[in-house]
Amino acid sequence: MEPREIMELVKKTKAFVENREMASHVKAKGPADYVTQVDTDIQSFLCKELSRLAPQIQFLGEEEGLHEMPGDVYWILDPIDGTTNLIHDYQHSVVSLGLYEKGEITLGVIYDPFREDIYYAQKGKGSFLNGNPIHVSLAGTLGETIIAFGTAPYDRELSAENFRHLEKVFGKCQDIRRTGSAALDLAYVACGRTGGFFEPRLSPWDFAAGMLLVTEAGGRITDLTGESLNLLKRGGVVATNGKLHGELLELLA
């Protein structure tokens, strides 16, 4: 199984994303938490095709939810990261796929079908955008860059504290950005478009692929206290070019 095979497979999901009728079939899983037919069909398609390519690898997808997985090697998929964006045709939604092996992510692919951008990283081999190497921003301080953030819309009890943190960060950086897709935000950190990103609570499928992109591009990604991320639990995420990490963590403390 070659990484290029995985990327070509993920790119085939574009046809699902472009189907506006499927995107209009919406079910609410919880407050501000939606699933469309696009999500479920992409997950079914990739589960089937990945099982064909590598039948020995288990599969964890967002639409199944977090649960105990057998073995220590499995795919972690977010079929659409940015489902609310997709519902409104706000074109910032991506497919995010990571390969978990014995406690770490060894392969990450994030596909933006609206821009035909495919971000890819393999453990120890760097990060790439459309085949070209990418690197994090060279900014040395928050004042030299823009910062992306997420609102954790499924956990609105966190919003007051999150927006207090946002105000602090806004006071130090050049400006704030919000795409509505954590995976895309992590890809943007990896390729240097932003200096950092934070969100108070995400699930593993939101950050699995992106965390490898960031680290292989020379950046750093942790939880809100600076500790390593737990790939089996929900939690806060902070990603930066590395140089800004301490400054950003201090504002989020």
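In helix α4, the residues Val38, Asp39, Ile42, Gln43, Leu46, Glu49 and Leu50 are buried, where buried denotes under 20% relative accessible area, exposed over 50% and partly exposed the range in between, computed with a 1.4 Å probe on protein chains only. These residues cover an arc of only 150° around the axis, which places them on the same side of α4, the arc being that of the directions from the helix axis to the C-beta atoms. An α-helix has 3.6 residues a turn, so residues three or four places apart point the same way. On the other side of α4, Lys48 and Arg52 are exposed. The structure is a predicted model, in which local features require pLDDT of at least 70 and side-chain atom pairs count only at pLDDT 80 or more, whereas totals for chains, interfaces and linings use all residues. Residues are numbered from 1 along each chain as its sequence is written, and side-chain values use heavy atoms, with hydrogens and water left out.

Helices (H or I, at least four residues) and strands (E, at least two) are DSSP runs numbered from the N terminus. Helix α4 comprises 17 residues (37-53) and should span 24 Å at 1.5 Å a residue, which agrees with the 24 Å between its end C-alpha atoms; the expected span is 1.5 Å times one less than the number of residues. The N-terminal end of α4 is capped by Thr36, a side-chain oxygen of which lies 3.1 Å from the backbone nitrogen of Val38.

The structure holds five aromatic pairs, a pair being rings of Phe, Tyr or Trp (its six-membered ring) with centres within 6.5 Å, counted as stacked when the planes are under 30 degrees apart, as edge-to-face when over 60 and as tilted otherwise. Among them, Phe16 and Phe45 form a tilted pair, 5.5 Å centre to centre with 45° between the planes, and this pair links distant parts of the chain, Phe16 lying in helix α2 (residues 14-17) and Phe45 in helix α4, 29 residues apart. The rings of Phe149 and Phe163 have centres 6.2 Å apart and planes at 75°, so this pair is edge-to-face; Phe149 belongs to strand β10 (residues 146-149) and Phe163 to helix α6 (residues 159-172).

Eleven salt bridges are counted, each defined by a side-chain nitrogen of Lys or Arg within 4 Å of a carboxyl oxygen of Asp or Glu. In one of them, the closest N and O atoms of Lys14 and Glu116 are 3.2 Å apart, and the pair joins helix α2 to the loop between β6 (104-112) and β7 (117-122), 102 residues apart. Lys14 is partly exposed at 22% relative accessibility, as is Glu116 at 38%. A further salt bridge connects Arg201 with Asp155, the closest N and O atoms being 3.1 Å apart; Arg201 lies in strand β12 (residues 196-202) and Asp155 in the loop between β10 and α6, so parts 46 residues apart in sequence are tied together. Arg201 is partly exposed at 28% relative accessibility, whereas Asp155 is buried at 7%. Salt bridges that share partners join Asp155, Glu157, Arg201 and Arg234 into one network.

Key. A polar contact is a pair of N or O atoms within 3.5 Å; within protein, one must be able to donate a hydrogen and the other to accept it, and residues adjacent in sequence count only if both atoms are side-chain atoms.
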